[in-house]
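The structure is shown first.

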There are 2 protein chains.
Amino acid sequence: MASTLRAHGTLRAHGTAPSGYMAAAAKVGAKCGLAAFTVLLKISPEGGAKVAMTSKNILYAQSGGVTAVINASACGIIETARRHPAIGRVYAARNGIVGALREDLIDTGLEPAGAIAKLRHTPAGAFGSCRYKLRSLSESRAEYERLIDLFKAHNIGYFLYNGGGDSADTCLKVSELSATLGYPVQAIHVPKTIDNDLPLTDNCPGFGSVAKYVAISTREASLDVASMCESSTKVFILETMGRHAGWIAAASGLAAEHEDDAPHVILFPEIAFDRDRFLNKVESSVQQNGYCVVVASEGTRHGDGTFLSDAGSRDAFGHAQLGGVAPALAELIKTQLGHKHHWAVADYLQRSARHISSGTDVEQAYAVGAAAVEMALAGKNAVMASIERVAQQPYEWRVGEADLKLVANVEKTMPRDYISPDGFGITGAAREYLTPLIAGEDYPPYRNGMPEYERLRNVAVPRRLKQDFRV
Amino acid sequence: MASTLRAHGTLRAHGTAPSGYMAAAAKVGAKCGLAAFTVLLKISPEGGAKVAMTSKNILYAQSGGVTAVINASACGIIETARRHPAIGRVYAARNGIVGALREDLIDTGLEPAGAIAKLRHTPAGAFGSCRYKLRSLSESRAEYERLIDLFKAHNIGYFLYNGGGDSADTCLKVSELSATLGYPVQAIHVPKTIDNDLPLTDNCPGFGSVAKYVAISTREASLDVASMCESSTKVFILETMGRHAGWIAAASGLAAEHEDDAPHVILFPEIAFDRDRFLNKVESSVQQNGYCVVVASEGTRHGDGTFLSDAGSRDAFGHAQLGGVAPALAELIKTQLGHKHHWAVADYLQRSARHISSGTDVEQAYAVGAAAVEMALAGKNAVMASIERVAQQPYEWRVGEADLKLVANVEKTMPRDYISPDGFGITGAAREYLTPLIAGEDYPPYRNGMPEYERLRNVAVPRRLKQDFRV
């Protein structure tokens, strides 16, 4: 469709482009019934100009569980795209890929620069997210054809998908549309998951902030318990997220500075739960320290693979929906050891806690977004912007590039040598890995004692497709 | 006993005292088998000096559930006492009043000024706290006699008790020792409770910080839920502390900026839970906004006064130990409405969250501590340092003085006009009251991504009593 477009309205230059190109935006859109686009004018040495190419738009979507910094990636994408004349508009799918299938797009170009800048410090998904995994082409050809119709109608050349492992799989399937259905689109994956379980990246944006939250909360609550254990609560249990990988629970280990500091017991999904060993460990900690702090991953499971607390329902990806490990453990401690206990379940509080985000995490989230745009412009497809650890002390990192085929559907769990031999703590190697990820405090601005989080207008792009599509 | 003390060792001046007094500390102690003391030398106009009076020591104790800022009060007490030559040492009872009965005292004078200064940003109880309420003199005369023995042995003239309503009752009983058992001691109550339920004070130190935590957490988690409600979680429930008063749950209302903003339902202990009205309210919020955020006080109760979730055990004060309102409500929503839900129980995380303490709260906690020392020096007894709201806009406050008899055992619950007519939200009056209490961010210092909280050495004062005392 791009080749059939002709400029309407007034051509206006915006910004200076590198390498002899000057950008001119054709201000068209809703009124003309045409997709927004930008044409690039090649300035010849003689001063003449001619249309060199027609720019494509980006379709950006947030996917899966949101984080404290996924909007920082969105900010990186949009701000970078705005600086590149070769890119037209950035459209965001409302509520993730579901919005794309429904042709429910948001024109981020209608948001002022100040509003986009504030996304950097705004948690959760500014455009909405969803849990929806595209099935294979053979199983669900209609969905892929619908996406191609959408891409054509809105001049989409770049699909930037911001999510975790399941989303990487969806992004990979879209990246294959050129080969499978003949539509030229470049799909770039922008990593995001608090679970830190994506392979081929040192760590995942979103994780550093939840790790910082959990480490700080563990230290704070432990001071509380230590203050009162002599006559009150002896065992405190904090349940963290982390369905199959123990990274989040592991981060609680950073709360400890000295031997015998809390947490005294960390329960990882990677280590089969052994009731007697657990109870012995808790009791010995109470005897030795006067109290015991337990941090339990929601994915803590028995030797047979069943979760300690399976709520019985499943999410859209077919995963068991968990919850309630902490009260289950509390009940066990009460009946078997008789200690007074308290328990906390941080749930969404941990992944939305932008008020205490890691500075490293915010920077990396922004950087992978910005890099994804550069990769798109460099003609890349089926890749993920990754984080590479360049140096440990002082910590240095850079954005790398990973083959999406090797990312999708692979879960990176905790290496065994990050977990102490008894299975209840983290090792020095884990501490070395985790520490730089929680470094730095990137505080949001406040007004009247509350953080000022941005709410975009999220104006819809006029629909161009005649057919509705049921998701 | 003070009158029988004679100076041993070398007299050394420390600091300059106001109003013509010069302080001189007699460096005695463990080796001499005498309590530490300070003598004041009156400098006459002629330059002569004579002993004018013998200074008394302070016994300070933390009581009940600890908070993010109770150590700021300790900091205010110790720093102020150190500036006053008329006060000897500040001893802290280890683990609250229990430590006093056991003669387990900490000599805060052995901590360097830098360590004491860091208490201002260190959460929980630096000297340990307890839940222990002295019974009446007729019921438990031995405890009071023990305290008097302790006071005599350690030259205690001032008892500064840092706690909530139950602790105010203990403090009041100690204040009556002069009259009942003839020992001259001044007891000053330093208010502390996240529950904000003390009378005769505009608000209670500790509350502002938990209020800020709950308001921010509600706003953040609500953005998370709003991001994903289209295809995922529709109802989110946050359980807060607050056994009999709904102040903490009420603070979540500050998360809302606009009509229809979360939280959509707040459950207060002050309003009887009505299952059908609750379910209707949740369902209508889901229909109207796409999601519903519920903030439930742990003290939410049925019309007959029974708690929605009573864990069945009781604490040392005889209060029911609560927990699990959130999962109980989640189960109700799941079975009756069928919505996908998530729930969080912040538990100790909320009251220890020094990383996001309210600036107002930290200042007030420090100020009531400092004022209590001034009150002691002014000869006061059986009073509580209170917070008085002087002006609303801009907010101004000062420390006042309340009669402890009118404070002890009185619970200040939410006024009905702070709760919206339907019982599920807060009014403008409540918002006006709450807003200044969460104002300001008083961040602790960080190292390696973690807050630097102080751990005192807590060196024990040598024991002087021959008898042990079983608590």
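In this predicted model, chain A holds an open sheet of seven strands with mixed pairing, and the strand order is β7-β6-β5-β8-β9-β16-β17. The edges of the sheet are β7 (105-107) and β17 (395-403) of chain A; each has a single partner strand, so one side of each is left without a neighbour in the sheet. On average, neighbouring strands of the sheet are turned by 30 degrees against each other, direction ignored.

Within the sheet, β9 (residues 186-191) and β16 (residues 383-392) of chain A pair in the parallel sense, over two bridges. H189(A) has M384(A) in β16(A) as its bridge partner. A helix of chain A, α5 (residues 165-175), lies across β9 and β16 and also across β8 (156-163). The helix α5 runs at about 165 degrees to β8(A).

Chain A is also in contact with chain B: 58 residues of chain B meet 58 residues of chain A. On the chain B side, α7 (207-228), β15 (341-345), α11 (348-352) and β19 (450-451) each supply at least two residues. Which element gives the largest share of the side of chain B that touches chain A? That element is α7(B), with 13 residues. The table gives the classes of residue on the side of chain B that touches chain A.

| Class, side of chain B touching chain A | Number |
|---|---|
| Nonpolar | 31 residues |
| Polar | 17 residues |

Key. Residues numbered from 1 in each chain as written. Chains lettered and ligands numbered in written order. Predicted model: local features only at pLDDT ≥ 70, side-chain atom pairs only at ≥ 80, totals over all residues. Pairing = 2+ DSSP bridges. Helix = DSSP H or I, 4+ residues; strand = E, 2+ residues; numbered from the N terminus. Axes fitted to C-alpha atoms, helices over the stretch in contact; angles between N-to-C directions. Contact = placed C-beta atoms within 7 Å. Nonpolar A, V, L, I, M, F, W, Y, C, P; charged D, E, K, R; others polar.
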